[in-house]
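This briefing is for a reader new to the structure shown below. The points are grouped by topic.

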Amino acid sequence: VSQKADLLQGTLDLLILKSVALGPNHGLGISRRIAQITQGTFDVKPGSLFPALHRLEERGWLASSWGESESNRRAKYYRITKTGQRQLEVEVRAWQRTVLAMGRAIDSTS
Amino acid sequence: MSRLRSLWRNLVHHNRVERDLDDEVRAMFALLVEEKVGAGMSEAQARRAATIELGRVESIKEQVREVRAGARWDTFRLDLRHSVRLLARSPAFTAFAVASLALGIGATGAIFTLFDNIVLRKLPVEEPDRLVVASFGRPGRNHNYSLPYPQFEAIRTRSQTLSGALATNPFGRVNVGIRGEPGTAEGIYVSGGYYATLGVSPARGRLFEETDDRPGQAVAVLSYGYWQRRFGGREDILGSAITLNELPFTIVGVEPASFHGTEVGRPYDLAVPLRARDALDEGSPLWDQAFATWIYVMGRLRPGATIEQAEQELNVIFRQVHSDGARTPNEVRLAREMTLRLQPGSRGAASDLRNQYERWLGMMLGLLAAVLLLASLNIATLLLSRADVRQREIATRLALGAGRWRLVRQFLTESLVLATLAGALGLAISVWGSRTLLRMAVPSAPQLPLELAFDLRMMLFTAAVSLGTCLLFGLIPAIRATSPRALVSARQVGGSRQRRRLDRVLVGAQVALSLVLLVVAGLFLRTLGTVWAQDPGYDRRNVLMFSVDARLAGKRGPALPATYRRLLDELRTAPGARAVSMSAVRPVSDSYYFVSVVSKLGDKALPNDQGVRVAFNVVAPGYFGVLGIPLAGRDFADRDSLDAPRVAIISARLARHFAGNPIGQQLEMGRDGTYEVVGVAGDSRYARVKDSPREVVYLPIFQTQPRHIFYAPTFEIRYTGSASDLMASIQAAVSRTEPALAPFRVRTLEEQTQDSLSRERLIAFLTSYFGAFAGLLACIGLYGLMSYRVTQRTPEMGLRLALGAQPSAVRWLVVRDATATVLVGAAAGLVCSFLAARMVQSQLFGVKTHDPIALAGATVLLLMMAVAAAYLPARRASRTDPLTALRHE
């Protein structure tokens, strides 16, 4: 299994927003989708996932409702809100800047 | 917006949100299981794996709760419910804690309300901070707040530093007739600029202007309260005619409801212009007399002017008016020596009520702070003991990773519940208490002199005090019980040494404080006893007194003494009346105090500044007989009338100033009075029981110019039987004499004496009450401490008893344990009570600050209470069953 990076809170928020932006999903689905889109680099445990989901919902970036899963099980579905969408763009830009800066920093030392 | 919505959802639909969270976690679990079964695991394997992956469900939920809006409120609510449950489980403790705190908070609130209303509060007028109060006197000596009218007129017209000046002169009772129907009220004369200077606007109609203060203007303004009481707040009274002492006046306006005049504690019912005095008052016009002091003067500083500048300027005016008006050598001297003083007037004019009670109320607040501190310490001790019982629970929670602050917060929540309950109860007590105390302070006033409204300031004060005590008694146990060291000792028999020391300090402090209070109470009780036991020089038993004022029935000039003389005759025939007389000043007076200077004794003329300062009274024949004052020479008689030679009776103390027998010698008093001394009366207290005996001159009442003396004289009646029977016959006699007259200020001489000691009685009552309360608190604290100690030492006691110790020895062991704490506390208390006694020294009378009876009495009382408190747990200890005790281990 690949190495599990420590998740900074900002990173986790970004990942969740990105994952939900791809389509509404329930908690486990979000966790699995994150693992999938990061090719297994990040494995979000329920212990961090639930508080993060609720925090994002409190801020109004996510909205939730009860629905049925593919296997007809009742599950709580999260979808991204308009402000969540904006926030995602903001975070993506910030992250890209960080990546760029970090990349340059690393290149210059090598 | 969404945050508000989620706050609403979290707080209001709290249960639904909880259930939702639960469902969500459950659904997650089901999905996990399903996923793992899909991957080929058996149901049981899948469940186990899912459980592991999900982790600790409760911890997840807890974290989710933390991030939700209103999370803090949630934990508070949880703590609150927990605290209420804990408190409900020990109702005796809760009731005691709430009751003792409520009593402390309530009493403090009551005294604060009085202090606020009498001492702190500013007048409800425009910019009260710019008001100033004028007085005059020799520098460094007592100042006179009454000024002569010419001074006021000069200040009003000439001052550049004042934007306005006002003068008042309360004239006491006035008969207000409405369409012929009489009724008494309190009246005041005010200058034309009174309302404009204060910046008061009318509630109805208009208030006075300068043009109203002219001779011949008969207009009146009602106070809001009187308008409501007497006129039912009717709008149509404006412009309607009333009579004041049978003279016609017109109502022009009503003052605002918040305004009660410039003197705190002396509200009036209606105001008339100063110049109306010419018509209403018998006295000679004082308008141009530069040395007759009779009006209170206040002013308003111009913006930018300081009080020092104003004082300087007014002093120039003051001296000029004084020296222009000086006629006699004495007046020239006065004009030279007297200076005018201005004081800040935001709290209104000089107030008798404030003078009398300011220091006292401050002292009482200090005392109550001590009581409150004591009650708080007491509850802190009890809370500590309760925390001990929960020591294991606390230790476990801390070990499981609960934050210390979280636990402290929970403890404080419990204290907050107690403080809130006590605060609410205390607020009710203080509303009731402030009225009751005020009533006790002015027992003879027909109406409370202050309007004690239930207001925001009082609520804020009570809330602040409650919170303060809450922090005080809540923080100590909260911090101690959750300290890491307390944790270690949780498993230790007998509790930690530190914990025991803290307990002892708390109980010792309580003993010390309550001893201080008991000593102060003792001193005041002794003061009261000493004052009451003073020989006043007259016999105060079986004397009934009342006043009438014939001016209120429209009598003027010679009709006044004639009316009183007829009333005296009628009273002599009243059943139950053994002897009857009348006087201007009551033996214990609450209204008048006449002073003068004797300048000639017999042939010996005294130099100007060596005259004998005397108090004087005017009395009817028979006065000395009624009061049981011994008299040598002759009494006044009916023949001592206006056209007969002028005579006087002097007190024994004044007689000593004469060479030889004063009877038959001449005496010169005041400006123009020469009298022949016809009798010498025994010394008695003039006007106040606490006064030291002084030189007194008595003049015959029917030989005196009516305008000087006949301000509501007092009739004294020595009676047999009951005072209430006598009262009925007095009523009859008064209405036979003059149907429009009504007796007032009806008191027996004993009641009047008690009333005059109302402040002393109030102090003695309050200090005893709180001394006893504090002592009781200390004993409950001690009892709690000893009970706790006995519980801790049960195994030891059992062992001792099993090894053959006598129960009495075990009892002694416990009592001795308590004795050390009590004795150290008592010693500290005695030292402090010396200091406290110094502070109250000025209020004591005839008692030294180290009065042995008060000191010993208080100490013995407290020690006895302490022994009783320690004995109960001691007895329990001595009855320990050795077997049970040992099994305990």
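**Chain B in brief**

Among contacts in chain B between residues at least 6 apart in sequence, those joining residues at least 24 apart make up 80%. The model is predicted. Chain B has 889 residues, and 53% of them are buried.

**Fold and dimensions**

- The secondary structure of chain B consists of 29 helices and 23 strands.
- The C-alpha trace of chain B spans about 130 × 75 × 55 Å along its principal axes.
- Chain B has a radius of gyration of 37 Å, whereas a compact globule of 889 residues would have one near 29 Å.

**Surface and charge**

- Chain B has an accessible surface of about 39900 Å², and carbon and sulfur atoms account for 57% of that surface.
- Chain B carries 106 positive and 79 negative charges.
- The mean position of the positive charges in chain B lies 8 Å from that of the negative charges.

- Cys779(B) is in no disulfide, and the nearest cysteine sulfur, which belongs to Cys832(B), is 18 Å away.
- Is Cys779(B) buried or exposed? Cys779(B) is buried, because its relative accessible area is 11% and the cut-off for buried is under 20%.
- Cys470(B) has a relative accessible area of 4%, so Cys470(B) is buried as well.

Note on methods:
Residues are numbered from 1 along each chain as its sequence is written. Chains are lettered from A and ligands numbered from 1 in the order in which they are written. This is a predicted model: local features need pLDDT of at least 70, side-chain atom pairs count only at pLDDT 80 or more; totals for chains, interfaces and linings use all residues. Side-chain values use heavy atoms; hydrogens and water are left out. Helices (H or I, at least four residues) and strands (E, at least two) are DSSP runs, numbered from the N terminus. The radius of gyration is taken over C-alpha atoms; the globule rule is 2.2 Å times the number of residues to the power 0.38. Buried means under 20% relative accessible area, exposed over 50%, partly exposed in between (1.4 Å probe, protein chains only). Contact means heavy atoms within 4.5 Å. Accessible areas come from the Shrake-Rupley method with a 1.4 Å probe; for residues, only the protein chains shown count as cover. Lys and Arg count as positive and Asp and Glu as negative; His and the chain ends are not counted. The place of a charge is taken as NZ of Lys, CZ of Arg, CG of Asp or CD of Glu. A disulfide is a pair of cysteine sulfur atoms within 2.5 Å.
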